[in-house]
Every structure is written in C-alpha cells, then in structure tokens.
Amino acid sequence: MLNKKSIDDINVKGKRVLVRCDFNVPLKEGKITDENRLVAALPTIKKLVADGGKIILCSHLGKPKGEPKPELSLAPVAVRLSELLGQEVKFAADPEVVGPNAKAAVEAMKDGEIVLLENTRYRAEETKNGEAFSKDLASLCDVFVNDAFGTAHRAHCSNVGVSSLVDTAVVGYLMQKEIDFLGNAVENPVRPFVAILGGAKVADKLNVISNLLEKCDTLIIGGGMAYTFLKAQGKEVGKSLVDDSKIDYCKEMIEKAKRLGKTLLLPVDTTIAADFPDPIDGPVDVSVVSADAIPADMEGLDIGTKTAELFADAVKSAKTVVWNGPMGVFENPTLATGTIAVAKALAETDATTIIGGGDSAAAVNQLGFGDKMTHISTGGGASLEFLEGKELPGVAAANDK
Ligand code: AMP
C-alpha cells in the first residue's frame with residue numbers, strides 16, 4: 001500500500017548506498033542494553049549486502065547537541081552489528097561524521113562491505129536540516145535508503161536533506177513494514193477496530209484521539225489522560241492528573257463519539273493511592289474505588305479491576321487493535337495491573353495487534369508479551385504522528401513509485 005520506492009525497486013550492484021538506520025539504542029557503561037533496533041535493521045542491510053552494494057550505515061544516538069561526545073559514539077553499535085551480521089562492520093570514527101577518515105573508509109570499500117559512520121548528531125546542522133551536512137552525506141553515496149522509522153517525523157539532514165540531493169532515495173524494509181502495518185490498521189482495518197490510548201497527558205494526544213475516533217469502532221481511554229475525561233463527565237477526580245484546559249476538548253470528543261455512533265470506553269473504577277510513589281517503583285498502598293467515588297485527597301494511578309475486565313472484553317471481540325500508552329503508572333509493580341491486563345488481552349486475541357512505540361512498546365516487552373503481538377512499532381513519536389493521520393517528512397522525501 002506504500003506508494004514509495006523501496007530497496008526491492010532498485011539495483012545497488014557496485015553502488016555506494018547510504019542507509020539511514022535507527023541505532024538510537026540505550027547504552028549503559030558502553031554496553032547496549034536493548035538491541036531490538038539493531039535486530040530490526042538487519043533485513044535491509046542483509047539484502048543490500050547480498051545485492052552487492054557498498055553499504056554505508058548512519059544513525060543518531062542520544063542527544064550530543066551538535067558536538068562529539070565520546071559516551072554517545074556509535075562505536076559499540078559497530079561491534080554488536082558485526083556479531084549479529086557475521087560480517088565486519090567497519091567503524092569510521094570521525095568527529096566531523098563525514099570528514100577525512102569517513103571519506104577514506106568509503107573510498108576503500110569493496111562491493112558487499114559495510115561501514116558505519118559516527119553519530120550524525122555530532123554535527124549541529126543535522127537536526128536543523130542544514131545544507132552543508134546534507135551535501136556531505138550526499139557526496140558519500142549514489143543511492144540513499146531511509147530505514148529509520150523512529151525519526152521519520154523529523155526533517156533532518158540524514159533523512160530529508162540528503163534525499164533531496166540524490167537521484168535515488170528509497171525506503172528500507174523496516175520503514176515499509178511500519179508504514180504497511182500502521183497504515184493498514186488505520187486506513188483499512190479489519191473490523192471491529194479497537195483503539196486503546198493511555199499515557200500521561202491528554203494534551204500530547206489531542207489529534208490522535210480525534211483522528212482515531214473517526215477511524216475506529218471503539219476507542220478506549222485509560223492511563224493518566226482518562227481523568228480529564230472523567231472530570232469532563234462531571235466526576236470528581238481528587239488529586240489525579242487533570243489538564244483543566246482540555247476539559248472542553250474532552251467534552252467535544254465525548255460528543256463526537258456519540259455523533260459518529262462510536263463506542264467510547266472510559267474507566268468505571270480506578271486504583272488510588274494517597275500520593276504518587278517516590279521513587280516511582282517504591283512501595284505504595286492502594287485501593288480500588290468506583291470512578292465516581294474518588295476521594296478529594298487521593299490520586300488515581302491505574303485503572304481498576306472492573307475497568308480492566310471491560311477493556312479486555314472489548315479487545316476480545318476486535319479484529320484489529322492499536323494500542324498506545326500505558327493504563328497506569330506501569331513502572332511500579334503495584335500499579336502495573338491494568339497495563340498487564342490489557343497486554344494479556346492483546347496477547348490472547350487472534351486479532352491483528354499493533355503497539356505504538358515508546359512506553360507501550362517498552363511495557364509490552366518488559367512484561368514479556370513482545371512476541372505475542374503482530375507488530376511493535378520502533379518509533380514512539382513517529383507512530384503517534386502517523387496515528388494522527390499526518391504525513392511523515394522522512395517518508396514523503398523518498399521517491400514515489
Ligand atoms: P506517555 O509518555 O504519555 O505515553 O505516558 C507514559 C507515562 O504515563 C508513564 O510514565 C506512566 O507512569 C504515566 N502514567 C500512566 N498513568 C498515569 C496516572 N494515572 N497518573 C500519572 N501518570 C500516569
């Protein structure tokens with residue numbers, strides 16, 4: 001369904017192929033603590049190697065803010081990628097990213113070899129889509145492949161800038177897979193289509209709520225954002241997270257659901273505590289109350305047991321489920337019950353299950369349900385903007401079919 005050229009549509013034999021990957025992995029003392037993003041990049045790299053291209057990989061890592069920061073070097077990624085691919089990935093250490101060392105490394109490449117450039121955000125122009133760095137990147141390659149869904153919602157040199165300066169700019173397999181899954185789910189879902197939204201703030205997901213309400217059959221709202229909806233229904237929510245400036249918006253959404261004949265499910269009960277736990281995973285005394293009986297001095301921190309059943313039931317009858325945002329403060333084991341119940345319901349259904357990136361992906365993986373989902377997006381912000389119905393600049397920049 002994606003109307004963009006992919007690596008299946010081009011011939012890279014003997015060509016220098018610059019591939020923008022998302023190697024923004026968590027590091028602890030120089031060790032990679034979660035390599036999902038590296039594994040997700042392998043199919044594209046293997047295909048290009050098999051086709052005889054000279055493969056030049058690039059990515060950002062963390063926020064070095066435009067200057068070399070040794071602790072954010074991509075060097076450890078080159079080591080791990082070499083192991084995963086069973087082939088050397090030569091690291092082009094270079095404070096300018098595309099400086100003398102990187103140019104020499106690319107110059108010396110033979111067909112089927114792989115070089116990894118240094119962290120693209122060592123260059124200040126990267127996040128501003130500045131021309132000089134885009135030109136540097138374009139000068140290294142004949143073909144550009146964008147396989148970094150995680151940054152597709154940003155217009156940077158290493159995805160958008162470079163695309164405009166090369167003749168051939170296509171998407172990789174990971175990008176194609178993300179867009180096919182998310183796009184199909186939203187634009188062409190097998191119904192009933194249930195969308196589940198959670199997380200902290202309504203304000204972060206205004207357009208997602210509105211867009212999904214139009215596309216889905218049932219919209220489920222849990223997490224911190226549910227309390228603003230409950231307040232919009234005239235309920236007292238005590239010390240729970242509420243955005244008073246968004247109450248009218250929530251009223252509008254409740255009305256919109258009625259007008260469109262959509263089911264909008266909100267919590268009917270909630271798990272409360274006297275205070276937000278400090279530290280976040282520290283001990284906390286909780287009880288469960290009805291959603292219209294939250295005491296003034298208590299805070300709602302998870303959905304309640306009846307709500308978990310209600311949400312799980314809605315999932316059971318779905319054929320497509322999209323989920324973004326935890327149902328409660330899942331970082332705390334006592335407050336992860338609602339998020340676990342929803343993850344379990346998704347794990348047990350035969351429906352197509354798609355997890356937006358960021359916290360929901362982390363929650364599903366942490367709770368051990370990762371391999372039970374149809375698709376877990378590698379992009380948090382990018383998947384949200386996609387669910388908003390926006391065109392992602394990193395995708396738009398690729399050549400049309
Ligand atoms: P988001 O980044 O918007 O997806 O929000 C994820 C964060 O929302 C997690 O860190 C959760 O701890 C937090 N969260 C979920 N439910 C609640 C709640 N009821 N009150 C406060 N924070 C919450």
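The model is predicted: local features need pLDDT of at least 70, side-chain atom pairs count only at pLDDT 80 or more, and totals for chains, interfaces and linings use all residues. Residues are numbered from 1 along each chain as its sequence is written.

I took strands (E, at least two residues) and helices (H or I, at least four) as DSSP runs numbered from the N terminus. Strands pair if DSSP finds at least two bridges between them.

I checked β10 (residues 218–221) against β11: they pair in the parallel sense over 3 bridges. Ile220 stands opposite Leu265 in β11.

Next I looked at helices α7 (residues 206–215) and α9 (residues 247–260). Their axes come within 10 Å and cross at roughly 10°. I used lines fitted to C-alpha atoms as axes, for helices over the stretch in contact, with angles from 0 to 180 degrees between N-to-C directions. That makes α7 roughly parallel to α9 (angles under 35 degrees count as such).

I then turned to the other sheet. It is open, with 6 strands in the order β5-β6-β4-β1-β7-β8 and parallel pairing. β5 (89–92) and β8 (168–171) are at the edges with a single partner strand each, so one side of each has no neighbour in the sheet. The twist averages 25° from one strand to the next. I found β1 (residues 16–20) and β7 (residues 143–146) paired in the parallel sense over 4 bridges. Arg20 has Asn146 in β7 as its bridge partner.

Note on methods. Parallel < 35°, antiparallel > 145°, perpendicular 65-115°, else oblique.
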